[in-house]
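Reader: Please take a close look at a single part of this model. Then set that part against the rest of the chain.

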Amino acid sequence: MKYNIELQLKNKKESYAFGQVAAQANGAAWLKCGDTVILATVVIDETDFVDEDFLPLTVQYIEKSYAAGKFPGGFIKRETKPSDFETLTSRIVDRSLRPLFPKGFANPVQITIIVLSVDDEADLQVLALNAASAALYVSDIDIFNSVTAVRIGKIDGEIVVNPTLSQLENSSLDLYLAGSKEDMLMIEMQTLGSDEMEIVDIGMVDPLIDPGMGTSSIPVRLSNAMNEDELIEVLALAQVELAKANSAYENSFKPFASAPFDLQCKISETDVDMIEYVRDNHTDDLKRGINQMAKTERSTALRTIRKNIMKEKPEWDEHELKKAIEAVKRSMVRAQILDEKVRADGRGLREVRPIHIETNVLPSAHASALFTRGQTQALVVLTLGGAKDAQMFENLTDRGTQNEAFMVHYNFPGFSVGEPSPIGAPRRRELGHGNLAKRALEGACVRNGQTIRLVSEILESNGSSSMATVCGGYMALRAGDIEMADPIAGVAMGMVSEGERHAILTDIMGLEDHDGDLDFKVAGSKEGITAMQMDIKLGGIHLDVLKEALYQAKEARAHIIDIMMNSEENIELNEGTLPSTDLFHIDPSFIGDIIGQAGKTIREIIERFDVTIDIDKKKGSVKLTGKNREGLRGARDHIEGIISGSTPVEKVEYKVGDVVKGKVKKIVDFGAFIELPGGVDGLIHISKLSDSHISKVSDLLKEGDELMVEIVEFKGNKIGLGRAK
């Protein structure tokens, strides 16, 4: 492949080839970065137009398994259903490129992005957008603005532009931005939680016996929420990087751009006479219709107004009248906000709708929360499991299978907005909203080795069900007794602007989302932001205005969190169904008593209380996991009874000549340490492993092997072993 363009960008090099492949597409770009190769194509149907008032753009991002030298997983060895990552990446590219198309563009457009080769460090979401934008830029569609992406991380306190995937693993920030030279078009942001070791006292160990055993280090979860001022600084830096990158792209791609064909946009002007008639004769009716809270009620009211006007003016076209009513309604909603500082439902600009929270409304579920804010209602249900319950997945850049142990699944049935639509597989929007809630909550969650699944069932929707999912998700986690680093809430913000005037709206409802200029979702703690999603155009919107909106969102989050904290005090756990985990420390000298001879005692505890037990013999930590809290408490009481002496135990006593089965715990040059029943360790010397000479212990044994050994001697507290005949 002969590359036409090579660009040295911030921390990476991209090479582009044009005109050498996919020649029958309207535009095509072959992008190489490292060992990653991506083909992006753009095709437009020049003869067809859609009648609906929306942009008929479809974006498909497709990963080929051969790109990483892999076979597709599953029974059928062929790429089939797109993965969640492919779907979310398609959505990101769509949201980033959609603002480039002019109003009235009605020709169906298909953008296809195929990953043909990949290396382990490739940021495929950034490269996918860059390739798609390049293909669109050189196509014969009359669009000559480039849009590119930049990812920003924060590693060891330092901001890093375009980090590698390895660097991102150690980052406390993952910020993906897409924009042109002038405008920032799309933002996806999350903070990545981390654990900080903290020294604590161990109350059950007497430090006078062993001062080193009187303290222990335990991990403390940090959400790494980012404050608003720091976020604005990072966005300003990103804006500079986007301007540099897009200038380089446009200057380099211009010679390869095709001559544009004559683009016809279907822009139909709304009938002025109809608008004036509606405004002069039906303003009061419209006000009453606007104040109908639910979408279905409002639609019914507007439809009634339209039918009444058609009786008055039967010669008018009803479709044109609908557009006129919509235009008057939009101007009334916006004018009321800007002039009177009052919204359609009577709220002030900063006011959050009434919130009602119930927890554990489902008795057989592990935990649940019913979060209602105005006319948006989310039922969020928690299920807890072990490591085997995690979702297995494999990204194209992964060297092996990974396990997703924190899942948020979001469902949006038609009845939530009064529509008679069937429930099917999750769509892009549902996957995107679930992913946003996951990013908001995961960094603050203390999992303790558990697998966590949250399912949000949207029962009613009139504005920001994704943020209701965040709030309900936090409450469900707490209703399941899951520890969180910070209380996390989310709120959807909006804006209405005319000229120099603007109004920031807190907790927008569906009407304000539809008729406003901005919709962005902010989730986090009282101190900072853990996740954010914006589809914005900063042309005419200064970063100071965005900062104002972020601080207004912070105020709203604090208000919502206070309500959630009051509700949290009244949580009653589903004791009978809730699995739980308990972690505590004991004097390591008692571990043998807890295990018992040949593991008899620990097996009895496991069977009697229906728990699993993990013991760290060196640190003296005991982790209990049970199907219900009663069993967990019973197991801990039993173990503490063994330590205090109130629970009799059968102690393991060995004498010379005993033959037992042991397990190889550690191999050393001179022999192997063998774990004996009862938690006791013995040493078998290399000379006693075989009748013949061996040069290395590993020639005969490996860690985990079981073998029969004989007690041959005691030297103080040490047990000498021999190979049983």
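Author: The second largest cavity holds about 30 Å³ of space. A cavity is a set of points, on a 1 Å grid over the protein atoms alone, where a 1.4 Å probe fits but cannot get out. Its volume is the space filled by probe spheres set on the points, with grid points joined across faces, edges and corners. Two cavities of 30 Å³ or more are present in the structure.

The model is predicted: local features need pLDDT of at least 70, side-chain atom pairs count only at pLDDT 80 or more, and totals for chains, interfaces and linings use all residues. Residues are numbered from 1 along each chain as its sequence is written, and side-chain values use heavy atoms, with hydrogens and water left out.

Which residues line the second largest cavity? They are V333, R334, I337, V496, L505, E512, D515 and G516. A lining residue has an atom within 4 Å of a point. Two elements, α8 (318–340) and α11 (510–515), each give two or more residues to this lining. Helix α8 gives the most, with three residues. Helices (H or I, at least four residues) and strands (E, at least two) are DSSP runs, numbered from the N terminus. By type, the lining has four nonpolar residues, one polar and three charged. Nonpolar covers Ala, Val, Leu, Ile, Met, Phe, Trp, Tyr, Cys and Pro; charged covers Asp, Glu, Lys and Arg; the others, Gly among them, are polar.

The protein has 15 helices and 31 strands. Its C-alpha trace spans about 110 × 65 × 45 Å along the principal axes. Of its 725 residues, 50% are buried. Buried means under 20% relative accessible area, exposed over 50% and partly exposed in between, with a 1.4 Å probe and protein chains only.

Strand β15 (residues 376–385) is largely enclosed by the rest of the structure, because eight of its 10 residues are buried. Strand β14 runs antiparallel to β15, and seven bridges join them. Two strands pair if DSSP finds at least two bridges between them. Here T372 has Q377 of β15 as its bridge partner. The hairpin of β14 and β15 has two residues between the strands, and G374 takes a positive phi near 60° there. Strand β19 (residues 451–460) is also antiparallel to β15, joined by nine bridges. In that pair, L382 stands opposite L454 of β19.

Strand β10 (residues 184–191) is mostly covered, with eight of its eight residues buried. Strand β9 (residues 171–179) runs antiparallel to β10 across seven bridges. L177 is the bridge partner of I187 in β10. Four residues lie between β9 and β10 in their hairpin. Strand β10 also pairs with β23 (residues 529–535), antiparallel, over five bridges. There E188 faces Q533 of β23.

Helix α6 (residues 283–290) has two sides. Its buried residues include L286, G289 and I290. These three lie on the same side of α6, because they cover an arc of only 95° around the axis. The arc is that of the directions from the helix axis to the C-beta atoms. The face turned away from that buried side carries D284 and R288, both exposed.

Next, the loops. Most residues other than glycine have a negative phi. N11 has a positive phi of about 65° and sits in the loop between β1 (5–9) and β2 (12–17). N360 has a positive phi of about 50° and sits in the loop between β13 (355–359) and β14 (367–373). Is each of them buried or exposed? N11 counts as exposed, at 53% relative accessibility. N360 is buried, at 13%. P420 belongs to the loop between β18 (406–411) and α9 (428–442). P420 is exposed too, with a relative accessible area of 85%. Its C-alpha atom is 36 Å from that of D280, 140 residues apart along the chain.

Last, the cysteines. The whole structure has zero disulfides, where a disulfide is a pair of cysteine sulfur atoms within 2.5 Å. For C471, the closest cysteine sulfur is in C445, 16 Å away and too far for a bond. C471 is buried, at 0% relative accessible area. C33 is buried as well, at 14%.

Terms used. 1 Å grid on protein atoms, 1.4 Å probe; cavity = no way out; pocket = protein on both sides within 12 Å on 5 of 7 lines; lining within 4 Å.
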